[in-house]
Amino acid sequence: PPQVSFTLELEFSCSVLLDRAEVTLQATSDSTEATPQDNVVKLSVPIRYEPNLFLSSNTNLHRYEVHPLGTFTHSSGPEFTTIVKVQNLGCYPIQNITLHMALPALGDHQATILSVTHVLAENATCMLQPPSEGTQVVLVPPEDLLHVDR
């Protein structure tokens, strides 16, 4: 029997969000058919909207000083601020976004090299959590701390 294939390309509005797209296809002919009921098919497919997220970060300090082992004074070092921004550049709303950040907090012999003093959040809820059991913690060995990029 003859067969026809074609592709449907649909465009959806940014202002009206749909859960499903429903299409009815019907084939007609001038001939008399014994089973015309199988000439109609109804298709229903779920719609998923592609997000367009943009993640950016900025810090006010771009050089860090690390003291050799045993020479560290217990006074806190320079404070720096890091801003992380998540933006939705698309026209579809996005819900339930979770952003995980791992901070370089431990050096050799579990020495603290960074501590978070405070967190400010806009349109978000932030939680500081120590690594859970089973999470791989990468320690920074002393020889890596001696390397300087020029």
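Modeller: What follows is a set of questions and answers about the labels used for this structure.

Modeller: This is a predicted model, in which local features need pLDDT of at least 70 and side-chain atom pairs count only at pLDDT 80 or more, while totals for chains, interfaces and linings use all residues. Residues are numbered from 1 along each chain as its sequence is written, and side-chain values use heavy atoms, with hydrogens and water left out.

Biologist: What makes up the pattern of the protein, read along the sequence?

Modeller: The protein has 1 helix and 4 strands, and along the sequence they follow the pattern β-β-β-β-α. The helices (H or I, at least four residues) and strands (E, at least two) are DSSP runs, numbered from the N terminus.

Biologist: Why is T59 called buried?

Modeller: Buried means under 20% relative accessible area, exposed means over 50%, and partly exposed lies in between, with a 1.4 Å probe and protein chains only. T59 has 16% relative accessibility, so T59 counts as buried. T59 is found in strand β3, which covers residues 53-59.

Biologist: How do you know that the side chain of T59 makes a polar contact with T81?

Modeller: A polar contact is a pair of N or O atoms within 3.5 Å; within protein, one must be able to donate a hydrogen and the other to accept it, and residues adjacent in sequence count only if both atoms are side-chain atoms. The side chain of T59 reaches the backbone oxygen of T81 at 3.2 Å. A second case is S15, whose side chain is joined to that of S13 by a polar contact of 2.8 Å.

Biologist: What makes C14 and C91 a disulfide?

Modeller: A disulfide is a pair of cysteine sulfur atoms within 2.5 Å, and the sulfur atoms of C14 and C91 are 1.8 Å apart. The structure holds 1 disulfide. This pair links distant parts of the chain, 77 residues apart, with C14 in the segment before β1 (20-26) and C91 in the loop between β4 (82-88) and α1 (142-145).

Biologist: Why is the disulfide of C14 and C91 called left-handed?

Modeller: The torsion about the S-S bond of C14 and C91 is about -55°, so the disulfide is left-handed.

Biologist: Are C14 and C91 buried, exposed or partly exposed?

Modeller: C14 has a relative accessible area of 38% and is therefore partly exposed, and C91, with 40%, is partly exposed as well.

Biologist: Where is S15, and how far is S15 from C91?

Modeller: S15 is found in the segment before β1, and S15 is exposed because its relative accessible area is 66%. The C-alpha atoms of S15 and C91 are separated by 8.2 Å, although these residues are 76 apart along the chain.

Biologist: Why are Y49 and Y92 called a tilted aromatic pair?

Modeller: A pair of aromatic rings is described by the distance of the centres and the angle of the planes. Rings of Phe, Tyr and Trp (its six-membered ring) pair if their centres lie within 6.5 Å; planes under 30 degrees apart count as stacked, over 60 as edge-to-face and the rest as tilted. By this rule the count comes to 1 aromatic pair. Y49 and Y92 are 4.5 Å apart from centre to centre, with 45° between the planes, and the pair is tilted. Y49 lies in the loop between β2 (40-46) and β3, and Y92 in the loop between β4 and α1, so the pair ties together parts that are 43 residues apart in sequence.

Biologist: Which residues does D19 contact, leaving aside its neighbours within four places in sequence?

Modeller: Contact means heavy atoms within 4.5 Å, and on that basis D19 is in contact with V45, P46 and I47. D19 lies in the segment before β1, and D19 is exposed because its relative accessible area is 65%.

Biologist: Why is N39 called buried?

Modeller: N39 has 18% relative accessibility, so N39 counts as buried. N39 is found in the loop between β1 and β2, and N39 touches L25, Q26, A27 and E33, not counting residues up to four places away in sequence.
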